[in-house]
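Hi there,

Here is the structure I promised to pass on.

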Amino acid sequence: VLLCSLGSPVCFCDPCPDEVADLFLATRRAGAVVEKYFQGPLSPSPCRGSWPEAGQTVK
């Protein structure tokens, strides 16, 4: 699952605290949907991969 801000932040350090909180709340919601779909706990691990050097393929 790819979650990203609809705002203008380019880097993970750019968003304001409210945007970071919203992103992690969205991560929790997405994880709950995936776990429900696969009918069990999956231990989601949010990670960040910014820029092509980290494997980012979507701008």
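Below is what I found, going from the whole chain down to single residues.

Please keep in mind that this is a predicted model. The protein has one helix and zero strands. Of its 59 residues, 7% count as buried. Its accessible surface comes to about 5,300 Å², and carbon and sulfur atoms account for 61% of that.

Let's start in the helix. A26 sits in helix α1, and it is partly exposed because its relative accessible area is 22%, while buried would mean under 20%.

Now for the surface. Y37, F38 and L42 make up a nonpolar patch there, and together they have about 390 Å² of accessible area. Helix α1 covers 17-37, and L42 comes in the segment after it. L42 has a relative accessibility of 43%, so it counts as partly exposed; the exposed class begins over 50%.

Is Q39 buried or exposed? It counts as exposed, because its relative accessibility is 75% and the cut-off for that class is over 50%.

Happy to go through any of this with you.

Best wishes

Definitions and conventions. Residues are numbered from 1 along each chain as its sequence is written. This is a predicted model: local features need pLDDT of at least 70, side-chain atom pairs count only at pLDDT 80 or more; totals for chains, interfaces and linings use all residues. Side-chain values use heavy atoms; hydrogens and water are left out. Patches are made of residues with over 30% relative accessible area and no salt bridge: like charges are joined within 9 Å, nonpolar side chains (Val, Leu, Ile, Met, Phe, Trp, Tyr) within 5 Å. Accessible areas come from the Shrake-Rupley method with a 1.4 Å probe; for residues, only the protein chains shown count as cover. A salt bridge is a side-chain nitrogen of Lys or Arg within 4 Å of a carboxyl oxygen of Asp or Glu. Helices (H or I, at least four residues) and strands (E, at least two) are DSSP runs, numbered from the N terminus. Buried means under 20% relative accessible area, exposed over 50%, partly exposed in between (1.4 Å probe, protein chains only).
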